[in-house]
Amino acid sequence: MTGIDEDPRVAELRTAVSRLRRQLAALPVDFPDRTTAEDELAALAAMAASGVPEIPRLRASLLLIAGAIGSMSALTRGLAQVRAAVDLFGEPPRA
């Protein structure tokens, strides 16, 4: 569901998440936290589909995905694109 009034940040997030999900699905290697990465990518996709997502939840999902993927070099670029898309929503508040 896209529209003229869609927030470009949401569109970028949706594109980056979709790309990383495809890359992960195509990866023939199984790893211990693959399900966690898939679940969090699904959560990000759902947030993007619903409109402007909650920034703290975006960042929490990003951290879980990064931790789950670890150092899988095949997914490095896709993960960087998701991170860049999340960063479009602004910096987290400083504690």
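**Exercise 1.** At what angle do the axes of helix α3 and helix α4 cross?

*Solution.* The model is predicted: local features need pLDDT of at least 70 and side-chain atom pairs pLDDT 80 or more, while totals for chains, interfaces and linings use all residues. Residues are numbered from 1 along each chain as its sequence is written, and side-chain values use heavy atoms, without hydrogens and water.

Step 1. Locate the helices: α3 covers residues 55–69 and α4 covers residues 76–87. Helices are DSSP runs (H or I, at least four residues), numbered from the N terminus.

Step 2. Read the geometry. The axes come within 10 Å and cross at roughly 165°. Axes are lines fitted to C-alpha atoms over the stretch in contact, with angles from 0 to 180 degrees between N-to-C directions.

Step 3. Classify the angle. α3 is therefore roughly antiparallel to α4 (over 145 degrees).

Step 4. List the contact (heavy atoms within 4.5 Å). From α3 come L58, R59, L62, I65 and A66, and from α4 come L79, V82, R83, V86 and D87. Sorted by class, these are seven nonpolar, no polar and three charged residues. Nonpolar covers Ala, Val, Leu, Ile, Met, Phe, Trp, Tyr, Cys and Pro; charged covers Asp, Glu, Lys and Arg; the others, Gly among them, are polar.

**Exercise 2.** Describe how helix α1 packs with helix α2.

*Solution.* Step 1. α1 (residues 8–26) and α2 (residues 34–50) pack at about 155°, and their axes are 9 Å apart.

Step 2. With that angle, α1 is roughly antiparallel to α2.

Step 3. On the α1 side, the residues that meet α2 include V10, L13, R14 and V17. Their partners in α2 include R34, A37, E38 and L41. The contact as a whole has 13 nonpolar, no polar and four charged residues.

**Exercise 3.** Which residues of α3 are buried, and which helices do they pack against?

*Solution.* Step 1. Buried means under 20% relative accessible area, exposed over 50% and partly exposed in between, with a 1.4 Å probe and protein chains only. In α3 the buried residues are L58, R59, S61, L62, I65, A68 and I69.

Step 2. These buried residues pack against α1, α2 and α4.

Step 3. Look past the helix end: G70 follows α3 and has a positive phi, near 65°.

**Exercise 4.** Is A46 buried or partly exposed?

*Solution.* Step 1. A46 lies in helix α2.

Step 2. Its relative accessibility is 47%, so A46 counts as partly exposed.

Step 3. The C-alpha atoms of A46 and R14 are 9.0 Å apart, although 32 residues separate the two along the chain.

Conventions. Helix = DSSP H or I, 4+ residues; strand = E, 2+ residues; numbered from the N terminus. Parallel < 35°, antiparallel > 145°, perpendicular 65-115°, else oblique.
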